[in-house]
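Visitor: I would like to learn how to read pairs of charged side chains, strands and chain interfaces in a model such as this one. Could you take me through the features one by one?

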Amino acid sequence: MRWLLLSLALQNLGRRKARSLLLIAAVALGSGVVFTGAVLMQSIDRSMAVGFTRLGADMMVVPEGALTNITASLLAVEPSELVLDADVLAKARLASLGRIAAQKIVRVEHSGIGSHHDSADLIGFEPARDFTVQPWLVEKLNRPLQQGDVILGAARDGVLGSQLLIFGKPHVVYGRLGRTGVGTHERGVFMSFATLEALGEAIGGGMGGGHGAKPAVLAPGKVSGFLAELAPGATPLQARFAILSNVKGVKVVAGDTTLSGIRQGLAALLDGILALMVLMFISTALMVSVLFSAIVTERRAELGLLKAIGARRAQVLGVMVTEAMLATGIGGILGVVLGVLVMRLFERSLVYYLENVGVPFLWVDLPRTIAFAVGAIVLACAIGVAGVLYPAWRASRRDAYDLVRGGA
Amino acid sequence: MLSCRALRKSYVTERGEVLAVAGIDLEVEAGRYAAIIGRSGSGKSSLMAMVGGLSRPSDGTVVIDGTDIWGLSDDRLAAFRNGRIGFVFQFASLLPTLRLVDNVALPAMLGKRGDVDVYGKAATLLARMGLGDHLDAYPSECSAGEQRRAAIARALINDPVLLLADEPTSDLDEQTEIEIMDELLAVNRELGTTLVLVTHNLSLAEQAEQIVHIAGGVIAS
């Protein structure tokens, strides 16, 4: 029986080929947009998460009098003997700031890193709060960063997992950063606060003065500066004013405001695309609903005949729902196929270009892509069912005789 | 076998209420051939629709084989129509996308008669109607007479106790009309199926054992 109803539905679709094809094409477009949109938006979201963090901090808070490199596109704290309390920004509770990452920086010589006379910047960061160093990791060991691990800037040589002696103490090369174009980043050796603090005595002995005094920044609770992100909607001017009004003895250096604008603008653009997708989906659903309303009206004599020969209301509904699900389901599948083709095109053009210029594009993983595809097909079927349900339900409630006679 | 009491049917139109059937009492005994005759618009088709469980009466009852059909739930009425009543309409009433054999088998499949070789029975009935070589034909490939004969085969697939034919030959030529009437009468006589025929053609009613003349929504004679 089910096979016969399925066959009936298929052949009904075949009766009006042009209309069925147009319906399938409309649903394919709608579900294709939903599928492609969902995958691309998720991918863009993931890429933005990495890309934006790579854009670095929006502003930098350092001790007043510290030197800063304002020409670098990526804000980076420079080595200085001046220090700040590690909790100075947290205590101020500034609403205009989002994430805040503290750094300790010490420039050392004769450390064993590089050639004998080379100076090296040892940069301490808090792995759990950091958003400016780890996004640049291009390779790393397959485990979390731990004490004794170091990350090398792009200009430093070192094999992943190999031992690196710093002031004679063994460390493990945990990872390597990509090229940033910022000197401190390129030449730096990055490590956790604990790893850097453990080097305190050795660094004191190796400093230019040779007095064995540990640099002030290596004392617990002291940092060289902070890298901060703006809170959503906050402007650099608002944040700068808030910091300078609440925290004494600091200097605020804002990054390129264009980057902050791009960050906030892209987020708004994605919301806009999502809204457009929802609108397109609703308009497809309405169109399918109107079309099926007309199809049910056109076929009421046939539905009446089915009732007359003993079809129950559920069976009458079943015939129409099967037909609608078939049409929209085929549309949904074609939409997913169309979406895959569009994304292949996208991958070979824009994504290829982006990756060539060093902008990462991270596709959503396969299981989630499959889930989106299944979701788009189910959604397409749901459009069909929703579109046909009301007119078919109304028809199924009418007297068979009225339907057979085609009465209004 | 068939008993109608005070049957009324009115339709609400933009111009007000139209009374199609204005209170009809009718009795047809089992196995008989009854003809309901009347001019167009006399209410005979509305009466047949109510008798066949296709159109709910505004008032009155229809009892078939002891069952008050309009007292049944929607699904039970559908099952009753499926199993106990056969219909032959005045138009080509086959589903155009199904083969003749599928069309004939459909009511049995809707009724989920798993105990019966549905397609075998459909083929037998079509053969009886002289359509044994048309099993796989689609309605559009058949003449009007062949389609009507297939509709009779479909009406018989569930062994109904009552066969209702509403102007079954109105659009057919004279020779085909005779052939179709012969088929209907053969069903009535050989299978003992009660036959109620609605027609405006007096010559078709001549062979009926009971003739009911409807005029203005009431029984005129």
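Visitor: Which side chain meets B:Glu179 in a salt bridge?

Guide: Side chains of opposite charge can pair when their charged atoms come close. In this predicted model, the side chain of B:Glu179 meets that of B:Arg149, with an N to O distance of 3.1 Å. The two residues are 30 apart in the chain, B:Glu179 lying in helix α6 (residues 174–191) of chain B and B:Arg149 in helix α5 (residues 144–156) of chain B, and the pair thus links distant parts of that chain.

Visitor: Is B:Arg149 buried or exposed?

Guide: B:Arg149 is buried, because its relative accessible area of 13% falls under the cut-off of 20%. B:Glu179, with a relative accessible area of 31%, is partly exposed.

Visitor: Where in chain A does a salt bridge link distant parts of the chain?

Guide: One of these pairs is A:Arg19 with A:Glu298, whose side chains meet at 3.0 Å, N to O. This pair links helix α2 (residues 17–54) of chain A, which holds A:Arg19, to helix α8 (residues 257–298) of chain A, which holds A:Glu298, across 279 residues. A:Arg19 has 23% relative accessibility and counts as partly exposed, and A:Glu298, at 39%, is also partly exposed.

Visitor: Which strands does the salt bridge between A:Arg176 and A:Glu139 link?

Guide: The closest N and O atoms of A:Arg176 and A:Glu139 are 3.2 Å apart. The pair connects strand β8 (residues 169–177) of chain A, where A:Arg176 sits, with strand β5 (residues 137–140) of chain A, where A:Glu139 sits, the two residues being 37 apart. A:Arg176 counts as buried at 16% relative accessibility, whereas A:Glu139, at 36%, counts as partly exposed.

Visitor: How does β9(B) pair with β3 and β10 of chain B?

Guide: Strands of a sheet pair through backbone hydrogen bonds, either parallel or antiparallel. Strand β3 (residues 33–37) of chain B runs parallel to β9(B), with four bridges joining them, and B:Ala35 has B:Ile211 as its bridge partner in β9(B). Strand β10 (residues 218–219) of chain B runs antiparallel to β9(B), with two bridges between them, and B:Ile214 stands opposite B:Ile219 of β10(B). β9(B) and β10(B) form a hairpin with two residues between them, and B:Gly216 in the turn has a positive phi of about 60 degrees.

Visitor: In what order do the strands of this open sheet in chain B lie?

Guide: The open sheet has six strands in the order β6-β7-β8-β3-β9-β10 of chain B, with mixed pairing. Its edge strands are β6 (85–88) and β10 of chain B, each of which pairs on one side only.

Visitor: Finally, how many salt bridges cross the interface of chain A and chain B?

Guide: Two salt bridges are found across that interface, and B:Lys9 and A:Asp399 meet in a salt bridge at 3.9 Å, N to O. In the interface, 22 residues of chain A contact 32 residues of chain B, and the area buried between the two chains is about 2,500 Å², of which carbon and sulfur atoms give 66%.

How values were computed:
Residues numbered from 1 in each chain as written. Chains lettered and ligands numbered in written order. Predicted model: local features only at pLDDT ≥ 70, side-chain atom pairs only at ≥ 80, totals over all residues. Heavy atoms only, no water. Pairing = 2+ DSSP bridges. Contact = heavy atoms within 4.5 Å. Buried area = accessible area lost by both parts, 1.4 Å probe. Salt bridge = Lys/Arg side-chain N within 4 Å of Asp/Glu carboxyl O. Buried < 20%, exposed > 50% of the residue type's maximum accessible area, 1.4 Å probe, protein only.
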